[in-house]
Structures are given as structure tokens and as C-alpha cells.
Number of protein chains: 2
Amino acid sequence: MQVKLNDQFWQPKVQQTVHETIPYQWKALNDEIEGAEPSHAIENFRITAGEKTGTFYGMVFQDSDVAKWIEAAAYSLRQFPNPQLEEAIDAVIDLMGRAQQPDGYLNTYYSVAEPEQRWKDFTFGHELYCAGHLIEAAVAYYESTRKRDFLDIMCRYADYIDRIMGPDSDKMHVYCGHEEIELALVKLYRTTNEQRYLNLSQYFVEERGKQPSFLKEEPGFGGPAKDRWFDLDYHQAHAPVREQETAEGHSVRAVYLYASMADLAIAYGDTTLIEALRKLWEHITSKRMYITGGIGSQGHAERFTIDYDLPNDTAYTETCASIGLVMLAFRMLQIEQDSRYGDVMERALYNGVLSGMSLDGTHYFYVNPLEVHPAVAHYRYDMKHVKTERVPWFGCACCPPNIARLLTSLDKYFFTQNGAEIAMHLYASNESTFDVEGRQITLRTETHYPWDGKIQVVLQTDEPTESTLSFRIPSWCRHPHITVNGELLELDAIVKRGYAQISKRWMNNDEIKLYFPMVVERIESNPKVHENAGKIALQYGPLVYCLEEVDNGSDLTDISLPVDSEFIAEYREDVLDGIVVLSGGGQRSDLSWKDELYRPVKREKMSVPISAVPYAFWGNRKPGEMAVWIREK
Amino acid sequence: MQVKLNDQFWQPKVQQTVHETIPYQWKALNDEIEGAEPSHAIENFRITAGEKTGTFYGMVFQDSDVAKWIEAAAYSLRQFPNPQLEEAIDAVIDLMGRAQQPDGYLNTYYSVAEPEQRWKDFTFGHELYCAGHLIEAAVAYYESTRKRDFLDIMCRYADYIDRIMGPDSDKMHVYCGHEEIELALVKLYRTTNEQRYLNLSQYFVEERGKQPSFLKEEPGFGGPAKDRWFDLDYHQAHAPVREQETAEGHSVRAVYLYASMADLAIAYGDTTLIEALRKLWEHITSKRMYITGGIGSQGHAERFTIDYDLPNDTAYTETCASIGLVMLAFRMLQIEQDSRYGDVMERALYNGVLSGMSLDGTHYFYVNPLEVHPAVAHYRYDMKHVKTERVPWFGCACCPPNIARLLTSLDKYFFTQNGAEIAMHLYASNESTFDVEGRQITLRTETHYPWDGKIQVVLQTDEPTESTLSFRIPSWCRHPHITVNGELLELDAIVKRGYAQISKRWMNNDEIKLYFPMVVERIESNPKVHENAGKIALQYGPLVYCLEEVDNGSDLTDISLPVDSEFIAEYREDVLDGIVVLSGGGQRSDLSWKDELYRPVKREKMSVPISAVPYAFWGNRKPGEMAVWIREK
């Protein structure tokens with residue numbers, strides 16, 4: 001399968017990532033961005049290799065920033081060859097080789113800052129986590145360039161880990177407090193075909209949650225706060241993975257674990273893992289997910305709290321957690337073609353992930369609340385984690401390179417193929433080629449998605465080919481219709497679990513047209529979500545919209561929408577580099593309010609025009625208030 | 001002036017305080033309450049006196065719990081003589097005498113735990129704060145019993161403080177991080193007529209806020225968190241008091257300071273202080289006060305945040321802060337007879353203060369949020385400070401004895417007298433005697449307030465007496481009328497700044513009838529209060545109402561009130577020992593919700609009966625949700 005995006009929505013973002021973000025982040029990793037928090041990540045490797053003097057600086061998992069950056073860059077090289085970039089990466093890889101210890105160990109923090117603490121703290125040491133990201137980077141770089149150096153370095157590291165950890169009685173019986181190595185080892189196995197790596201991944205997943213947990217004896221257990229929010233469930237270690245029926249703890253850790261469970265379920269054909277994953281998926285998406293696809297509502301411990309507790313203004317909803325949800329959703333689609341996965345993947349991607357990066361690709365949100373009042377957020381202790389404007393970099397910089405690696409590998413999330421069945425999960429113009437039982441099929445997709453729901457797919461093949469092409473019917477679409485060569489399909493007959501499955505002997509130039517009419521929709525929340533009572537969110541296609549102060553004035557909470565006010569969707573080239581703006585009528589308090597704080601209710605309102613923009617694009621103009629959920633009157 | 005409450009609302013609470021709470025708190029101070037957090041407060045004095053071995057236990061300001069308890073008990077002795085109680089107090093006073101240092105110093109924490117740190121930390125040492133509460137207690141005990149021992153002890157302490165602190169160059173130029181001594185010294189001055197005490201109070205107030213502030217050099221500066229919320233403004237030390245135009249910092253400290261400023265304004269006739277107080281009053285009550293009279297919205301640093309930031313579910317609104325607001329309001333009434341002070345005094349008293357104590361007088365709230373969802377509050381990190389049920393005692397037990405001393409001195413807040421002018425600020429049945437230019441007037445007031453707005457006042461006097469009787473027209477009352485001996489008064493002509501001023505030559509058995517019709521009112525918030533947008537609070541007379549889960553089911557946020565639904569107020573003897581219950585019609589989501597978290601808006605509602613009880617009485621039945629602000633539809 002070869003997928004080439006060439007659309008007007010994602011491809012400019014991918015190109016921006018390639019041409020702006022990756023070079024920018026390279027500078028950040030080298031501490032060359034003025035005004036940004038320092039990274040020191042490359043310097044740490046130089047110190048570890050003994051080529052510079054100095055002390056380690058940064059988070060204990062600083063190495064992973066370099067890893068994610070290489071991974072992002074590696075993906076980019078597939079479509080955008082760049083010898084200079086490759087040279088820079090090769091130099092870092094060489095440096096890593098020199099920083100690697102004779103036994104294979106590779107970690108700048110523990111090599112430089114606390115050598116005697118190696119493998120002493122699995123709760124917050126992040127050694128296996130960093131190893132995981134380096135492995136993912138090595139695999140990506142090998143897949144793109146076929147250069148083996150980095151892969152060899154990481155195989156040496158993985159072999160070392162496999163020698164000292166695992167089920168045998170003479171090995172350490174451990175797993176990492178932050179899941180990641182599990183995902184990486186599966187990739188390493190797929191690339192090297194070395195079964196040991198797969199088995200080690202399985203071991204880490206199976207070992208997790210056995211009681212009593214060794215994590216409780218680790219020095220870092222309980223985190224700096226030593227409180228209940230950093231208990232075993234923070235690490236998803238409160239129960240064996242198959243017994244976990246609710247998504248708990250640190251949200252990024254959680255979805256990384258579940259994604260690795262999905263990989264193992266596929267690799268081993270393990271249906272008990274699939275059963276567990278279905279429950280966890282259902283739990284997250286029906287009880288603990290924001291409408292933006294954000295997860296993890298609490299800043300303290302960056303974690304899930306309780307069902308339906310989805311506050312908007314203190315929401316944590318880390319960008320990385322939404323990225324993890326995309327990763328999980330795609331793996332679930334590999335297991336079973338069901339649009340509930342594709343729908344959430346789309347939701348998270350177009351909203352909770354995309355909001356993490358500025359339009360120009362150089363500023364980031366770590367935290368993605370659904371309502372922001374800057375003056376309040378700047379002052380309140382319980383909103384310390386909320387930034388009201390994107391910033392150029394973070395001391396804890398997990399999110400920026402995570403977005404970058406997702407965007408440069410975004411093509412991987414569009415299709416799955418299973419024999420002669422090809423399923424399309426996301427919509428954007430692209431040209432993609434598939435091998436169907438020895439024959440080549442090319443699908444040329446053209447669309448203005450997400451601004452418009454019309455999608456044209458033209459098939460090219462040298463000879464007629466039997467195949468099933470499946471297309472996700474987006475859950476936001478009420479009246480889909482599909483034609484093949486102009487002929488309307490009877491969807492009831494062919495839609496299974498949210499996918500229109502078109503089986504046919506395909507001829508060259510066959511044309512499929514998908515019509516997913518986009519209208520402005522008002523979405524309400526389950527009444528158990530206290531924060532959203534009486535409120536609606538505006539949705540247009542896959543995009544969740546929001547109000548911004550720059551368009552609607554301050555005190556956004558004062559705005560209400562009459563139930564019958566119409567909204568018009570209009571593509572506006574002049575707004576935010578070109579977006580669909582929603583315009584309609586709302587109400588606000590009239591001007592009779594003086595200085596009183598309370599008064600007998602008057603309910604005197606005045607009509608005001610309301611303008612909404614996609615949530616993902618907020619905060620790219622003047623700083624100010626923002627709100628997704630709007631009161632209805 | 002002699003005021004005797006004999007009403008059905010307050011007097012049972014006063015009696016309960018006298019017969020239940022004071023004995024209960026005596027046990028608490030002596031660590032005889034099972035299941036309550038230990039106090040050790042009396043034991044600390046024994047250890048200080050050298051009569052017990054052991055270590056100090058408790059907060060650095062543990063002495064103040066004993067002081068406030070004695071003060072409460074002292075007030076109670078006026079109406080409820082109790083030789084046994086007096087004996088117990090005398091014993092504690094003797095003990096204090098023995099615990100007092102030769103130089104007059106009296107503080108168990110610094111005497112036992114850190115003797116070398118005496119007067120070394122004015123930010124959080126609370127030495128002058130404790131001295132203040134002891135002085136207030138000594139004054140109260142002297143006023144009630146005319147026994148001088150305690151007063152003498154405290155004069156010795158005050159003399160010592162006056163010797164070492166003050167404007168002279170050889171003295172310490174300091175003030176306490178927690179205001180309280182300022183109030184106490186004015187009382188000590190009024191009782192002893194010793195001008196030095198008044199001057200010292202004035203010195204502390206005038207010294208406060210001079211820059212650079214000595215507080216910044218104190219070891220405790222910045223509190224345990226060392227963050228911006230514990231900066232100088234936390235102590236109201238960011239500017240000289242006359243330059244403070246906004247209420248900032250720790251809310252209890254703030255209102256204690258303002259109350260002492262009012263005392264000094266009266267004592268010195270200082271109009272510049274009055275000007276400052278008017279601004280501060282206006283600021284608090286028009287920008288930073290909950291509808292319950294609660295102030296201080298943030299748990300971290302127990303403080304004010306920014307204008308209009310009044311979250312309901314994370315509200316701190318400490319009971320002591322509302323008590324402080326009552327203290328301030330009454331002092332402002334002594335300065336100028338304006339119902340804006342009396343109205344807020346009533347609001348705080350009937351709502352934010354009263355909610356701090358259980359119906360049976362033995363369980364307390366420190367924190368008084370306006371919306372509680374127990375499951376959420378039990379889980380969320382940012383709601384750690386919220387208790388969802390009243391508890392028997394606190395490790396930091398400032399609030400329980402503070403309520404007790406307020407209730408046993410409540411009679412002091414009903415009237416002010418200025419020559420031949422008598423003003424009535426609060427309404428409850430009472431019999432009160434005034435000396436008007438040598439003649440005695442008795443006012444017998446009968447009312448079922450706050451359940452009913454009819455108030456009858458019969459005047460008794462031996463001979464006709466010229467006097468002005470003023471009655472506050474409550475701001476919640478839209479159509480007041482007043483008769484004198486059956487004749488309707490023209491209110492427009494006699495109401496000044498919210499008080500009906502009736503000047504006349506009063507005859508024996510003259511009868512004044514005040515009609516303040518109580519109706520169910522819906523109150524809305526200024527649109528700048530984001531949390532209350534689209535919501536109303538139910539008010540009936542001076543009482544703010546709330547919904548409780550026990551009456552209305554869970555997910556209270558799902559309830560909305562149609563704008564036209566009528567509420568009936570009915571006195572119900574069987575509910576909460578007898579209250580007016582408000583009943584009306586509301587709406588809830590229908591049963592079409594399944595497991596989905598979001599869906600296109602259906603707005604399908606069903607009608608439900610709604611029942612509201614006074615906020616002050618919530619949490620006295622089954623634990624559950626509570627909400628003051630209710631959505632309107």
C-alpha cells in the first residue's frame with residue numbers, strides 16, 4: 001500500500017511540518033530558539049558520549065524528544081527527500097552510537113546524572129519509555145532509508161533489555177511506569193522478524209498489574225505528590241490488563257498501553273485482549289471523552305477522573321493523549337472494521353490533536369481546554385496548567401514532536417487492507433496504490449473535505465479486479481449517499497458496522513462518489529455531564545466549532561443561542577488561511593446591567609450576530625476567550 | 001441597651017449553642033470527642049505552665065480556639081448563668097495565668113515548641129493573632145462577669161506588646177500577618193479606657209502595607225507554597241490601607257482588617273478611613289461576593305481571586321470569612337446607617353454563616369460551596385478542600401468556635417443607637433430596652449421572620465419620649481409597608497438610605513407594624529459572573545434556597561426551570577425542624593438518553609416537581625448533591 005496525500009487541508013500541514021516544524025524543532029533540540037524553554041536534548045547525548053563536559057539538563061525522558069523528532073523526520077523523507085536533513089539525522093545517530101554503553105544501554109539521564117540509579121525506578125525513570133521512542137525512530141528511519149545503523153543500535157539495546165528483563169527467574173520482573181516500549185517492540189519485531197522482541201512486548205503487557213505490584217516498592221512510587229492520584233492506577237498497574245474494564249490513570253499512558261494490547265492481539269490472534277479492548281474503548285468514548293476527542297480531564301497527574309466528569313475550563317486533555325487515541329483507534333480498525341473507531345479517530349484528529357499546533361506550525365498547546373477565560377486562567381491556582389496562548393516549546397516537550405510524527409505519517413491512517421478488501425477511514429485528496437492479489441489498484445481521491453462532504457474516488461487498474469472497497473459513513477452524517485459510475489447504491493444493503501462495503505469486479509476508471517452532506521449541527525451532552533447542561537456544541541462535518549472573543553466579544557458565557565436560530569456555513573478564504581465560518585444569531589444580556597452583582601431576574605436580552613470557527617483553529621488571532629459549549633435558550 | 005432574643009429562629013440556635021455546642025466544644029478542646037480530629041488546645045496550656053510533660057500539638061494558632069470558646073461562653077453567661085461553666089472557665093484562666101511568662105507573653109506554641117522563635121515570624125506565627133483572640137475573650141468575660149483576672153492577664157500581655165512594638169525607634173516596627181489584634185485592642189481600650197491600647201491598634205493598621213514590607217524578610221513569607229498567591233496582598237500588606245481600593249488576599253484576614261479600620265475610624269473620627277472602607281465595601285459586595293454572603297472563592301491561600309470569578313463547586317467561602325463580613329457590616333452600620341450594610345449582614349448571617357453549622361449544632365463546614373456533586377468532589381484534586389458533609393471538628397478549627405461566639409453575641413447585631421435614634425437592622429422576636437436621654441424605652445418585637453415578613457413592635461415607656469426609630473427595609477422586599485398605631489406611613493417621605501425613620505413622641509403601647517411581604521424571587525447574576533450564566537437562584541425573604549438530591553434526585557444540573565413556572569412557599573413543620581419549603585415545576589431530560597455521550601440535540605424534556613430548601617440547611621439529611629444556581633429554560 002502506498003498512500004500519497006495531496007489535499008488542501010492536511011497536505012499543507014504536512015508540508016509545513018516538513019519545511020517549518022521539523023527544522024524548527026531541530027533548532028529547539030539544539031537550544032537555538034530564542035525565548036523558548038531550553039531543551040539541551042542533543043547536548044545531553046554529547047555529554048554522554050564524553051565529547052562535551054557539563055551536566056545533564058531536562059526531563060528524565062529528554063531523549064524521547066530527539067527520538068520523536070527523528071521519527072517525524074524519517075517519515076517525512078519518504079515523500080520529501082532531504083539529504084541535508086538525512087545528514088543531520090545520521091550525525092545524531094552516530095552520536096547515539098558513541099553514547100551507547102558497551103552493554104547496549106542508551107539513556108543520557110541515567111548515564112550522566114545518576115549512573116548508579118540505572119533500572120532502579122520503573123515508576124518515573126522512563127528508561128524503557130525512552131528506549132521505546134528510540135526504537136520507533138530507528139524503525140521509521142530504517143523503513144524510510146534502509147540504513148541499518150540506528151536499527152542496529154536499537155537492536156543491541158533491545159537485546160540487552162531482553163537479556164535482563166522477562167519471565168525467566170534470573171531476570172528482572174518489571175515493566176515501565178510509562179507505557180511505550182510495548183508498542184515499539186512490536187514494530188521492531190515487524191521490521192526485524194525477531195520473535196524475541198514480540199515476546200518481550202507481550203511479557204511487559206502481561207506482567208503489568210500483577211499484584212502485589214513491584215511498582216509500589218520503587219523509590220518514585222506516588223510521584224512527587226505521593227497522593228492517591230499517583231497510585232497504581234495512574235500507571236494502569238492496578239489490575240492485570242484483561243481485568244481492566246475502565247480507563248484509569250494517566251491518559252497518555254493508558255492509550256499507549258491499549259494500543260500495544262491491540263498490536264499484540266493482532267500479532268498473537270488473542271481474542272481475550274480484543275474483548276478487553278472493546279470494553280475499554282466503550283468506556284473511554286461513552287464516559288470519559290470530550291467532544292473534541294480530548295481525554296484525561298485532570299491536570300494533577302494528567303489523568304482520567306470519574307465518569308462524566310468533563311470540566312471545560314480546567315480540562316487537561318493533553319495533545320499527546322488525543323494522539324494516543326488516534327493510534328489506538330487505528331489499531332482497533334485493523335482488528336475490526338467498525339466506524340465507531342474511525343469516527344473517534346477522525347474526531348480526535350480534526351479537533352483535539354490539531355488544536356495542539358498553531359496555524360504556522362511553530363507554537364503548541366500541551367493542554368487543550370474547551371473553554372478559556374484568559375484573566376481567570378491566568379489567575380486561578382486550579383488553572384495553572386492552562387495556557388491561553390500557544391507557546392514555542394515546553395520544558396516537558398512531549399507534544400510538539402508527537403504532533404510532528406503523527407502528521408508526517410498521517411498517510412498511514414487513511415486505509416487498511418485485508419486481502420482484497422480495502423477500507424478508507426479518513427477523507428482527503430490522495431493517490432494511493434494497493435496490491436490486490438498481485439494486481440495493482442490505484443485510487444485517486446478528490447475532495448475539499450472537511451469543508452465539503454463530496455468525495456470522488458476514481459479507480460485505476462490495468463485489468464478488472466475483484467475487490468471490496470469500504471468507505472466509512474461518518475457518524476455526523478445524517479443522509480449519506482453513494483454512487484458508483486453514477487448509479488445510486490442502496491446503502492441499507494451494503495453498510496455494515498458503519499462502512500459501505502462495495503464488492504465488485506472493478507474496471508479501470510470506475511468512479512465512486514460519496515456524498516456526505518455537511519450541515520451545521522447542534523450537539524448535546526449526556527445529562528450526566530454536569531458541565532454541559534443546557535448547552536450545545538456546534539459541529540460541521542468532523543469539526544467541532546467554538547466561539548472566540550475576537551469574533552464575539554468578551555464574556556462569551558453570556559451568549560445564548562435561541563433554539564430556532566439558523567446557522568449558515570460559509571467558506572471564507574480571508575479567515576484563518578481559509579476555513580468554513582458558521583454565522584448565526586444569538587442573544588446577550590442587554591445594557592441594563594449596572595454595577596449590581598445580583599438582581600431580581602429581568603431576562604432582558606438583545607440579539608447579537610454570532611460567529612464560530614473550528615476549535616482546532618482557535619487562538620491563532622488575538623488572544624482572548626474561547627468556548628465550545630454554548631448555552632441554548 | 002439590653003437586647004434579649006426570644007424568637008423561634010435564632011433563639012433555639014443560641015440555646016443550642018449554649019446547651020450543646022459550648023459543652024461539646026469544651027470536650028473537643030479537651031480531646032474528649034471520639035472520631036473528631038484532636039485539639040490538644042487545653043493540654044498545650046498545661047504543658048506551657050509546666051504542669052504536664054509532653055509536646056505542643058496542633059496549629060500554631062491553637063490557643064485561639066480556646067480564646068474563641070471562652071468568648072462564646074462568656075457571652076452566653078449574660079442570659080444563661082451557669083456556675084459550672086464559669087468554674088471551668090475560671091480554671092482555664094488560672095491555668096493561663098500560670099502559663100503566662102514573667103514578661104507577660106502568653107502563647108503555648110512558641111513557649112513550648114519554639115521558644116527561640118518568639119516574634120521571629122510575623123507572616124504565619126500568629127502570635128499577635130492569638131493575643132487578639134485572648135484579649136477579645138478576656139474583655140467578653142469581664143463584661144459578663146466583672147471578674148478581672150483574665151482581663152488583667154491580657155492587659156499584662158498587651159502592655160508587654162506595647163513595650164516592644166510601635167512607632168518608637170527602639171521598638172519593633174511590625175504587624176501581624178493575620179489581622180485580629182487590631183480589633184481586640186480597640187475592645188480592650190473601650191473596656192479599660194487605656195488610650196495606649198487604641199494607639200497600638202492604630203499603629204498596627206497604619207504600619208500595614210508600608211513599602212518595602214518587613215514581611216518579605218520574615219522566614220515564613222510566601223507560605224508553604226512560596227507562590228504568588230501568598231505574596232504581600234495575601235496579608236493585605238501590598239499597600240498602605242488607605243490606598244487599598246480592592247479586597248485582596250486571604251478573605252478572613254481582609255475583613256478582620258477592614259473591621260478594625262472601621263473601629264479606628266469611629267474611635268478617631270477618621271473620615272479618610274471611612275472613605276477607604278466605602279470603596280472596599282463596594283468592591284467586595286459588587287464584584288467578589290457570592291449570593292450567600294460567602295467571600296474568598298479560592299481554596300489555595302483561602303483567598304479572593306479576581307472580579308466576578310465566583311465558581312460554585314470549587315468555592316472556598318470559609319465560614320469565618322462570612323462571619324468577618326457580618327462583623328464588618330455591623331461596624332459600617334455604626335458609622336453610617338445605610339441598608340447596603342444591613343442587607344449584606346443579613347445575607348451573610350442567614351446563608352453563608354448559618355450553613356457552617358449542622359442543625360444539631362455539632363457538625364461544621366469550614367468550606368461552603370454553592371454546588372456539590374459528592375462523587376466529583378470526592379475525586380477531584382481541585383476540590384480537595386470541599387467536604388460534602390459537615391464534620392465534628394477540624395484540625396484547623398477556627399470556624400466552629402467562631403460561629404459559637406457569633407451566635408451567643410448575636411443580640412449585639414440587632415440594634416444601633418445614636419442618642420435618641422434607635423435603628424433596628426435585623427428582625428427576630430426580642431425584648432429590648434434602651435436608655436433615651438435618661439428615659440427607658442422597651443421595644444417588644446414579635447415576628448416569625450424569616451418565614452414570614454410581618455413584624456410587630458410594641459413600645460413601652462413610662463412617659464412619652466421623643467425618639468427616632470429606624471427600621472431597615474430589606475433590599476429583597478419589593479412592596480414594604482409600615483403602620484404606626486394602624487396608620488399607614490408614606491414611606492417615600494421617611495425612608496433614607498434604606499431605613500424607614502419614624503420620628504415621633506412615642507407613647508406607651510404605641511404599635512409599629514412592618515409588612516415585608518415575602519415572595520419567591522428568582523435572582524440572576526451579573527453577566528460577568530461566568531458560572532451563573534443562564535441560571536437563577538431562588539430567594540425567599542433573606543434566605544437563599546438550594547436544590548438537594550434528597551428532594552430532587554441526582555444530576556441536579558439536569559434540572560431547568562421554565563421561566564413561567566410558579567413556586568409556592570409553604571411552612572413545613574416536618575422538614576428540617578420546620579422551614580419554608582419552595583415547591584414548583586421544573587424539567588429534566590427525558591429517558592431517551594442511552595449510553596451515548598453526545599448526540600444531535602433533541603431537547604426532549606419531561607416535567608418534574610422541584611423542591612427547594614434554604615441553603616443554610618442543606619446537608620442535614622441524606623448526603624448528596626446540592627445546587628444554588630439553577631438553569632432557566
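## Helix pairs

Helix 3 of chain A passes helix 6 of chain A in a left-handed crossing. The model is predicted. Helix 3 covers residues 63-79 of chain A, and helix 6 covers residues 127-145 of chain A. Their axes come within 8 Å and cross at roughly 15 degrees. Angles under 35 degrees count as roughly parallel, and helix 3 of chain A and helix 6 of chain A are therefore roughly parallel to each other. From helix 3 of chain A, the residues that meet helix 6 of chain A include A:Asp63, A:Ala67, A:Ile70, A:Ala74, A:Leu77 and A:Arg78. On the helix 6 side of chain A, the contact residues include A:Tyr129, A:His133, A:Leu134, A:Ala137, A:Tyr141 and A:Thr145.

A second pair lies in chain B. Helix 4 (residues 83-99) of chain B packs with helix 7 (residues 149-164) of chain B at an angle of about 25 degrees, and the axes are 10 Å apart. That makes helix 4 of chain B roughly parallel to helix 7 of chain B. Here too the crossing of helix 4 of chain B past helix 7 of chain B is left-handed. Helix 4 of chain B contributes B:Ile93, B:Asp94, B:Met96 and B:Gly97 to the contact. They meet B:Asp149, B:Phe150 and B:Ile153 in helix 7 of chain B.

## Five-stranded sheet

Chain A holds an open sheet of five strands with the order 3-4-8-12-11 and mixed pairing. Its edge strands are strand 3 (415-418) and strand 11 (495-496) of chain A, and each pairs on one side only. Strands of a sheet pair through backbone hydrogen bonds, either parallel or antiparallel.

Strand 11 of chain A runs antiparallel to strand 12 (residues 499-506) of chain A, joined by two bridges. A:Val495 stands opposite A:Ala500 in strand 12 of chain A. Helix 13 (residues 339-353) of chain A lies across strand 8 (465-472) and strand 12 of chain A. This helix runs at about 55 degrees to strand 8 of chain A.

## Annotated middle domain

An unreviewed UniProt entry annotates residues 422-518 of chain A as "domain: Non-reducing end beta-L-arabinofuranosidase-like GH127 middle". Over residues 422-518, chain A is 4% helix and 58% strand. The end C-alpha atoms of this stretch are 25 Å apart.

Strand 9 (residues 481-484) of chain A has two antiparallel partners described here. One is strand 13 (residues 511-515) of chain A, paired over four bridges. In that pairing, A:Ile482 stands opposite A:Leu514. The other is strand 10 (residues 487-488) of chain A, paired over two bridges. There, A:Thr483 stands opposite A:Leu488. Strands 9 and 10 of chain A form a hairpin with two residues between them. A:Asn485 in the turn has a positive phi of about 50 degrees.

## Strand 21 and its partners

Strand 21 (residues 605-614) of chain A runs antiparallel to strand 16 (residues 543-548) of chain A, with three bridges. A:Tyr545 has A:Pro614 in strand 21 of chain A as its bridge partner.

Strand 21 of chain A also runs antiparallel to strand 19 (residues 579-589) of chain A, with eight bridges.

## Two copies

Chain A superposes on chain B by a rotation of 180 degrees, with 0.0 Å of shift along the axis and an RMSD of 0.0 Å. That is the relation of a two-fold axis. The same surface serves both copies, as 100% of the contact residues of chain A recur in chain B.

Key
Residues are numbered from 1 along each chain as its sequence is written. Chains are lettered from A and ligands numbered from 1 in the order in which they are written. This is a predicted model: local features need pLDDT of at least 70, side-chain atom pairs count only at pLDDT 80 or more; totals for chains, interfaces and linings use all residues. Side-chain values use heavy atoms; hydrogens and water are left out. Two strands pair if DSSP finds at least two bridges between them. UniProt positions are given in the numbering used here, feature names are shortened, and annotations may be inferred rather than shown by experiment. Copies are superposed by least squares on the C-alpha atoms of residues with pLDDT of at least 70 in both. Contact means heavy atoms within 4.5 Å. Axes are lines fitted to C-alpha atoms, for helices over the stretch in contact, and angles run from 0 to 180 degrees between N-to-C directions. Angles under 35 degrees count as roughly parallel, over 145 as roughly antiparallel, 65 to 115 as roughly perpendicular and the rest as oblique. A crossing is left-handed if the near helix is turned anticlockwise from the far one by less than a right angle, and right-handed if clockwise.
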